[in-house]
Each structure stands twice: as C-alpha cells, then as structure tokens.
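Please read the following report alongside the sequence and the three-dimensional model. It goes from the chain as a whole to a sheet with its helix, then to a helix pair and a few single residues.

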Amino acid sequence: MAKNAAKRLKTSEGTGVRIGTHNGHFHADEALAVYMLRLLPTYADSVLVRTRDPALLETCHTVVDVGGEYDPSRNRYDHHQRTFSTTFPGRETKLSSAGLVYLHFGRAIIAQQVRKPEDSPEVGVIWTKVYEAFVEALDAHDNGISKYDAAKLAEAGIEPRFSSGGFTLGAMVGRLNPNWNDPVPEDRQEAQAAEDRRFVVASERIGEEFSRGLEYYAGAWLPARTIVQEAYAKRLQYDPEGRIMVFEGQSLPWKEHLYTIEEEDGNTDKKVLYVLYPEKPRPDAVWRIQAVPTTENSFESRKALPEPWRGARDSQLDEVSGVPGGIFVHAAGFIGGNKTFEGAKALTEKAIAF
C-alpha cells in the first residue's frame with residue numbers, strides 16, 4: 001500500500017484533485033497528512049502543490065499545514081492559528097496537520113483496511129490506538145510539546161543517560177531536507193522540483209511506517225485482544241484467585257490488552273501475576289512462564305520468579321525448584337521455561353506460594 005501510494009504521487013501537474021501544502025523546509029506532520037489522504041479513493045490520483053501563494057492554494061481541493069484556516073467543510077486543515085486548540089477525543093495534545101487529517105479521515109482509512117463500516121467498534125478501537133501509538137507523537141513534535149514536564153525533570157535532577165540519536169519520526173523526516181550547503185539549482189522551477197522530490201521521499205518514508213503500523217494493529221493487535229479476553233475469562237480454571245493466565249495456542253501481544261481488561265474488570269486486588277504459553281504452536285512445544293510487568297514497558301514484575309531459581313538451568317533448576325523438566329529461569333526472574341505445561345504450571349504455583 002505504502003509503496004504504490006508514493007509511486008503515484010504527482011507534483012504540480014495532472015488532472016486529479018489538488019492537495020496543497022507549503023513549500024520550503026518540510027516536516028513529518030504534512031508529509032504524513034499528504035500520504036494519508038492519498039490512501040483514499042478521492043485522492044488516489046491527486047496532484048501535490050507545494051506553495052505559500054494564497055492564490056494557488058485557493059485552487060486546491062484540500063490544503064494541509066498552511067493557509068491559516070481550519071475548516072473541514074472547505075477541506076482546510078492548518079493548525080498554526082493563534083486560536084487553534086483542537087485535540088483528539090480523550091487526549092490533551094494539540095493537533096498538527098497530521099492529527100487533523102487523521103481526525104477527519106482516519107476512520108475511513110481504517111474502514112478501508114479492515115473492510116468494516118466506519119462506525120463499527122473495530123474501526124473505533126483501531127482509530128484510537130493508532131492515534132495514541134503513532135500520530136500523537138507527530139502532533140506533539142510539530143507543536144513543540146515535550147513528552148515530559150521539563151521543569152519537573154529539572155526539579156528532580158533527572159538527566160538523560162544518553163542521546164536518542166535522532167531516532168524519532170520527526171528527525172527521520174527532517175534529515176531528508178536539503179543541507180544548508182547543498183547546491184541549489186539557479187532556476188527557481190528546477191529548485192522547487194528538486195525540493196518537491198525530497199518531500200515525496202519523506203512522505204513515502206513516514207507513510208510506510210504508518211501503513212505498517214496500521215496493518216499490525218488491524219491484523220495482529222486487534223485479533224490478539226479477543227484471545228486475551230478469552231484467556232482472562234478462563235484464568236480461574238488454573239488458580240482460584242485468577243493469578244495464572246494461560247494461552248493454549250501460542251504467545252501473542254498480550255500485555256497492553258491485559259492491563260486494559262483488568263481495568264475494565266475493576267478487580268484491582270486479584271491481578272494476573274504469571275502468563276503461560278507454548279513456545280511454538282505444536283503439541284510437543286516447550287512452555288514459557290512470564291511474570292507480568294508492573295507496567296507495559298517496565299522491567300519490574302508484579303511478582304518475579306523466586307530469587308533462588310534465577311540463572312539456573314536444566315537439572316540445576318530441577319533441583320532448586322523441585323519441579324522436573326526445567327529449562328531455565330532468567331537471571332532477572334521475569335521469564336522461565338519448562339518442557340511441559342504441567343511443569344510450567346507447577347513452577348508457577350510454587351512461585352506464587354514462595
């Protein structure tokens with residue numbers, strides 16, 4: 001999808017509807033905004049016009065990130081106005097042109113991907129998830145909003161341990177702009193055409209990441225949610241207090257879904273401590289035991305596997321745990337393995353009681 005959309009991207013000339021954005025130094029938000037629009041049938045053969053000339057912008061069907069106007073009825077999606085304050089539902093980050101296009105066209109893009117009506121629950125769940133996981137970061141970057149409160153970090157004396165190396169979507173697009181000392185064609189039209197070609201590459205690059213993310217959330221993340229819900233509903237079969245959750249087929253992205261389901265369930269006293277799953281989807285697969293992290297990206301577990309087991313393998317693990325079939329327990333205690341489901345469950349029960 002991403003590759004084909006970018007290949008069709010035309011600049012300046014053509015018979016399709018015209019998408020206008022500003023020329024000069026480009027950013028991630030308008031690069032993604034243009035890409036997202038072109039995923040839809042109305043814009044499939046669109047022509048890109050990069051200018052700040054109001055007369056030229058007025059000829060465009062849709063204008064993003066320039067023009068000083070936000071009016072969906074006229075397909076105008078700029079966010080630079082002093083009075084602009086629009087945010088995505090349930091979020092506090094002010095939108096950029098990417099967020100505005102996603103706000104108004106995101107459901108249609110997703111519905112096209114999953115082949116469901118725009119008002120279906122599945123489309124709504126993915127619409128919110130993709131914004132929070134991908135688009136919001138671009139909105140914040142373009143509006144100069146930091147991920148953390150700088151004053152509070154300074155007050156706490158917290159400093160970064162290393163540089164992020166420019167590995168952000170905004171930085172990735174920014175590097176595709178010309179360098180200050182790159183040669184520029186003397187002819188203005190040639191210079192603009194060269195700049196536009198760079199923009200097309202940037203739009204393709206960030207668009208590929210957007211499409212890849214959308215495909216993941218629609219094709220893998222959302223189906224996993226149903227499986228996690230089913231496993232959560234069965235957890236009392238394995239522990240009377242629901243502290244063990246089992247995936248019978250194979251591992252899948254479960255952490256975020258588990259936290260959401262627990263929050264929806266409202267049961268804060270009896271949370272899942274360990275998740276069991278086969279390493280591969282076959283009858284003779286070995287089993288893994290994973291301690292549930294305190295938060296999705298935390299290295300701290302709700303209840304790590306016992307300290308005496310950590311770093312032990314094979315017969316040594318059998319000896320210290322008293323459960324045969326042991327394979328390993330990680331030195332940090334967040335994961336372990338056994339040759340059978342029965343062995344993994346026995347280890348888990350002992351860990352709970354430890």
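## The chain as a whole

Of the 354 residues of the protein, 44% count as buried, a word that here stands for under 20% relative accessible area, with exposed meaning over 50% and partly exposed the range in between (1.4 Å probe, protein chains only). The model is a predicted one, in which local features need pLDDT of at least 70 and side-chain atom pairs count only at pLDDT 80 or more, whereas totals for chains, interfaces and linings use all residues. Residues are numbered from 1 along each chain as its sequence is written, and side-chain values use heavy atoms, with hydrogens and water left out.

The protein has 11 helices and 11 strands, where helices (H or I, at least four residues) and strands (E, at least two) are DSSP runs numbered from the N terminus. Its C-alpha trace spans about 80 × 45 × 40 Å along the principal axes. Among contacts between residues at least 6 apart in sequence, 65% join residues at least 24 apart, a contact being heavy atoms within 4.5 Å.

## The five-stranded sheet

Five strands form an open sheet in the order β7-β8-β9-β11-β10, with mixed pairing; two strands are taken to pair if DSSP finds at least two bridges between them. The edge strands are β7 and β10 (326–329), each of which pairs on one side only. Neighbouring strands of this sheet are turned by 20 degrees against each other on average, direction ignored.

The pairing can be followed strand by strand. β7 and β8 run parallel and are joined by 3 bridges, with Met 245 having Val 275 of β8 as its bridge partner. Between β8 and β9 there are 5 bridges, and these strands run antiparallel; here Leu 276 is partnered by Ile 289 of β9. β9 and β11 are also antiparallel, joined by 4 bridges, and Arg 288 has Gly 337 of β11 as its partner. In a regular strand the side chains alternate between the two faces of the sheet. In β8 both faces are covered, with Tyr 274, Leu 276 and Pro 278 buried on one side and Val 275 and Tyr 277 buried on the other.

Helix α11 (residues 341–353) has 13 residues and reaches 18 Å from its first C-alpha to its last, close to the 18 Å expected at 1.5 Å a residue, the expected span being 1.5 Å times one less than the number of residues. Its buried residues are Gly 343, Ala 344, Lys 345, Leu 347, Thr 348, Ala 351 and Ile 352. These buried residues pack against β7 (244–246), β8 (274–278), β9 (287–291), α10 (314–321) and β11 (335–338).

## Helices α4 and α5

The axes of helix α4 (residues 97–114) and helix α5 (residues 121–142) come within 10 Å and cross at roughly 140 degrees; axes are lines fitted to C-alpha atoms, for helices over the stretch in contact, and angles run from 0 to 180 degrees between N-to-C directions. α4 and α5 are therefore oblique to each other, since angles under 35 degrees count as roughly parallel, over 145 as roughly antiparallel, 65 to 115 as roughly perpendicular and the rest as oblique. The residues that make the contact include Gly 99, Tyr 102, Gly 106 and Ile 110 of α4, and Gly 124, Trp 127, Tyr 131 and Val 135 of α5.

## Strand β3 and single residues

Strand β2 (residues 18–21) pairs with β3 in the parallel sense over 4 bridges, and Gly 20 stands opposite Val 49 in β3. Strand β3 (residues 47–50) is covered on both faces, with Val 47 and Val 49 buried on one side and Leu 48 and Arg 50 buried on the other.

Asp 65, in the loop between β4 (62–64) and β5 (70–71), has a positive phi of about 70 degrees although it is not a glycine, and it is buried, with a relative accessible area of 3%. Asp 314 lies in helix α10 and has a phi near 50 degrees, a positive value in a residue other than glycine; Asp 314 is partly exposed, at 42% relative accessible area. Pro 54, in helix α3 (residues 54–58), counts as exposed at 63% relative accessibility.
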